[in-house]
Amino acid sequence: MDVLIALGTNAAYFYSVYSVLRAATSPAFNASDFFETSSMLISFILLGKYLEVLARGKTSEAIAKLMDLAPKTATLLTIDDKGIVVNEKEVDSRLIQKNDVIKTIPGSKVACDGLVIWGQSHINESMITGESRPVTKRTGDIVIGGILNENGVLHIKAAKVGSETALSQIVRLVESAQMAKAPVQRFADHISKYFVPLVIALSFCTWVSWFLAGMFKAYPRTWIPSSMDSFELSLQFGISVMVVACPCALGLATPTAVMVGTGVGASLGVLIKGGQALQSAQEVNCIVFDKTGTLTICKPMVVNTRLFKTMVPQEFYELIAAAEVNSDHPLAKAIVENAKKMRGSEEKLIWPEALNFESITGQGVKAIICNKEVIVGNKSLMLEQGIAIPVEAEEALAETTGLAQTGVLVSIDKEVIGVLAISDPLKPEAPEVIFILKSMNIESMIVTGDNWGTANAIAKQVGIDSKYVVAEAKPEQKAEKVKELQAQI
């Protein structure tokens, strides 16, 4: 393409220079020039390349955001033979070596893939597994670099560092996918080795044939403008063939289409991995959805409250929020957020003081609030505290489980008062999207890292048949499922 552009623009330019010089030295010469042809051709091609650079810049931004998931620094621990920490210092995360012990505090990200050797915490693994609920990690569990540590302190022994980490492998996959050319661009590159010589030969033949035809008077003299001769006329025809054949459409339209398509997709939350995926989209007959953040909003919320005793809802939420506000658990934060909505537009949200607060890991919390013993947690916590669970509470828990929700029991003064249903709710438009895809004869499938119960419940809500659901899948298993579907085409 560059050869044709260079030949076409230079031929048009130098012919125009020749026309200007001849017109300046000959009073009878009155030919046209084509300076604007050269400038417009070059401008269009540069515009196309500029748009392509913009598209690649957006790709770089996406990759940079992935890289930002990894923390810049980490706390390196020095441990003696007895397993006692004797020193800790902050180091660049790129300097971590295998078997180093790294300390991860609440709210920070895990610096590398490794094994928990001390501590207990809740980890948000939605980046890797798609599971929206934080996962409890204890001694002996494996953690992945880049994921968020929700509450507890962990000591992690590095197993994979640098380019070996799961995050680095994801970045490499995105880089290779987005830098790949679209099939139409590869096709253009393939035919260019035949197209360019052919166009040059046709241009030369056009010039020679019209020049010879003029010499032998094969066409009427009236065809030649009064200010030109047969040589100049034939030269114009030859240049015209070369300029018209410049593949500006391929040079401009393809990168523009890729940029606009990927840009619009990104603004709607859809990552299109390069031109090849964009071009292949017209042949799609099955779309695979992840659950977390795709079909759901990726934020735990209280979706239902059921009270078994007569009580003002605002007073109910004030008591449980006063207990949960002291907890770092994501479900506790969801309860507090819902309580804030119940309080309305009050400027200062001050909850009653919680005395004798106790957080029971993996079960819930309890505290004395307004001279009442408030316990918020799961069924096992209630049984341990000697609290009887009424039939209606059991039924409510079973119902929340069937709807892929987490049921939280609330006890006040040793009596179960209510059940909160917490879930990662659907995006409002999700069912409509699935319906539209069905009307286009495109099948929809869910492949998620979440559990089977949640996956099936979400599929039912959006209108996807259970046979098109794959749950508890890791990233590599998701990729294998996509390849399996592609092989069936």
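To begin, select helix H1 and helix H6: H1 passes H6 in a left-handed crossing. You are looking at a predicted model, so keep that in mind at each stop.

**Stop one: H1 and H6.** H1 covers residues 2-25 and H6 covers residues 230-244; their axes come within 9 Å and cross at roughly 150°. Angles over 145 degrees count as roughly antiparallel, and H1 and H6 are therefore roughly antiparallel to each other. Now show the side chains at the contact. From H1, pick Leu-4, Leu-7, Gly-8, Ala-11, Ala-12, Tyr-15, Tyr-18 and Arg-22. Facing them from H6 are Glu-232, Leu-235, Gln-236, Ile-239, Met-242 and Val-243. Coloured by class, this contact shows ten nonpolar, two polar and two charged residues.

**Stop two: H9 and H10.** Next, select residues 313-324, which form helix H9, and residues 330-343, which form helix H10. The axes of H9 and H10 come within 9 Å, with a crossing angle of roughly 145°, and H9 passes H10 in a left-handed crossing. On the H9 side, the contact involves Pro-313, Gln-314, Tyr-317, Glu-318, Ile-320, Ala-321 and Glu-324. H10 contributes Ala-332, Ile-335, Val-336, Asn-338, Ala-339, Met-342 and Arg-343. By class, nine of the contact residues are nonpolar, two polar and three charged.

**Stop three: the second largest pocket.** The pocket has a volume of about 740 Å³. Which of its 34 lining residues are closest to the centre? Select His-122, His-329, Leu-331, Gly-362 and Gln-363 to see them. The whole lining divides into eleven nonpolar, 17 polar and six charged residues.

Key:
Residues numbered from 1 in each chain as written. Predicted model: local features only at pLDDT ≥ 70, side-chain atom pairs only at ≥ 80, totals over all residues. Heavy atoms only, no water. Axes fitted to C-alpha atoms, helices over the stretch in contact; angles between N-to-C directions. Helix = DSSP H or I, 4+ residues; strand = E, 2+ residues; numbered from the N terminus. Parallel < 35°, antiparallel > 145°, perpendicular 65-115°, else oblique. Left-handed = near helix turned anticlockwise from the far one by under 90°. Contact = heavy atoms within 4.5 Å. Nonpolar A, V, L, I, M, F, W, Y, C, P; charged D, E, K, R; others polar. 1 Å grid on protein atoms, 1.4 Å probe; cavity = no way out; pocket = protein on both sides within 12 Å on 5 of 7 lines; lining within 4 Å. Points joined across faces, edges and corners; volume = space filled by probe spheres on them.
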